[in-house]
Amino acid sequence: MKNRLCATAAALALALLAACPALALPDEVWHRGTAPLPVVLPGSVPFGDIGDHWAAEGITWTYSRGLLMGTEPGYFSPDEPMTRGVFLTALGKLEGVNPSLYPGSPFPDISADSPYAPYAGWAKARGLIQGREDGAFDAYEPITRQEMAALIDRYLDRDPPPYDGFLGYLDAHTISPWATESVEAIRRMGLMDGYPDGTFDPFHTITRGECATLLQRLAAIRYPEV
């Protein structure tokens, strides 16, 4: 896996936001159908490590709406990998999932009293996730770019432009077959693109800052009526 530090984060930020429409969500309340998601944590964002970070806006937006929390007091850790469990939980909160409707746990490695359990139950019921070959979900493992593309594609459940079987990435042959169409669909929606060197790097993990920005942009696409 390639070693990409600050330059990579900036490049991915541009790729992530490419072709995405300007965000037009009210500051105080935005509506998901009939269910509002208000600013639940008003006031200053309590993170000392995002001041000049390129993803600060997305981090502030997701934190203030209770989608993402910090890793420890005073830190968001924007350049640390995003885990599968945390992102799935944030996605469920974005959708307005009622945790009480999903008791228990659908995966053997997630306890029934885990905060991830109801959101994993929702995601499995909706067909967003299936788990690993051994039946586990691996909630604490980092989420990869191709996993993210597949999850977002299923979540949006849209009819993308016809896929012609061609991906213009130099490493397209390394993308898993189950993720190929999702990678192309997400690219066409303007949510995720390749790197400046022409690769997609499907097994590269996504950072917490990148995910915060993605969630903010995803809200604008998922609920265009607001």
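**Helix packing and core of a predicted model**

H3 and H4 lie roughly perpendicular to each other, because their axes cross at roughly 75° and angles of 65 to 115 degrees count as roughly perpendicular. The model is predicted. The protein has seven helices and two strands. Of its 226 residues, 50% count as buried.

**Overall layout**

- Along the sequence, the pattern reads α-β-β-α-α-α-α-α-α.
- Contacts with a separation of 6 or more are 77% from residues 24 or more positions apart.
- The accessible surface is about 10900 Å². Carbon and sulfur atoms hold 55% of that surface.

**The H3–H4 pair**

- Two packed helices are described by the angle between their axes and the distance between the axes.
- The axes of H3 and H4 come within 9 Å.
- On the H3 side, the contact uses Leu 88, Thr 89, Leu 91, Gly 92, Lys 93 and Glu 95.
- On the H4 side, Tyr 119, Ala 120, Trp 122 and Ala 123 meet them.
- By class, this contact of H3 with H4 has six nonpolar, two polar and two charged residues.

**The largest nonpolar core**

- In soluble globular proteins, nonpolar side chains tend to be buried together.
- The largest nonpolar core here has 56 residues.
- Which residues touch the most other members of this core? They are Phe 87, Leu 91, Met 148, Ile 152 and Tyr 155.
- Six helices are named as each supplying at least two residues of the core: H2 (56-64), H3 (84-95), H4 (117-125), H5 (145-156), H6 (180-188) and H7 (208-222).
- H7 gives the largest share of the core, seven residues.

**Contacts of Tyr 155**

- Leaving aside residues up to four places away in sequence, Tyr 155 touches Leu 91, Leu 94, Glu 95, Trp 122, Arg 126, Leu 128, Leu 218, Arg 222 and Tyr 223.
- Among them, Leu 91, Glu 95 and Trp 122 also take part in the contact of H3 with H4.
- Leu 91 is also one of the core residues that touch the most other members.

**Helix H6 and its end**

- Which residues of H6 are buried? Thr 180, Ser 182, Val 183, Glu 184, Ala 185 and Ile 186 are.
- The buried residues of H6 pack against H5.

Note on methods:
Residues numbered from 1 in each chain as written. Predicted model: local features only at pLDDT ≥ 70, side-chain atom pairs only at ≥ 80, totals over all residues. Heavy atoms only, no water. Helix = DSSP H or I, 4+ residues; strand = E, 2+ residues; numbered from the N terminus. Buried < 20%, exposed > 50% of the residue type's maximum accessible area, 1.4 Å probe, protein only. Contact = heavy atoms within 4.5 Å. Areas by Shrake-Rupley, 256 points an atom, 1.4 Å probe, with all protein chains shown as cover. Core = buried A, V, L, I, M, F, W, Y, C linked by side-chain atoms within 4.5 Å. Axes fitted to C-alpha atoms, helices over the stretch in contact; angles between N-to-C directions. Parallel < 35°, antiparallel > 145°, perpendicular 65-115°, else oblique. Nonpolar A, V, L, I, M, F, W, Y, C, P; charged D, E, K, R; others polar.
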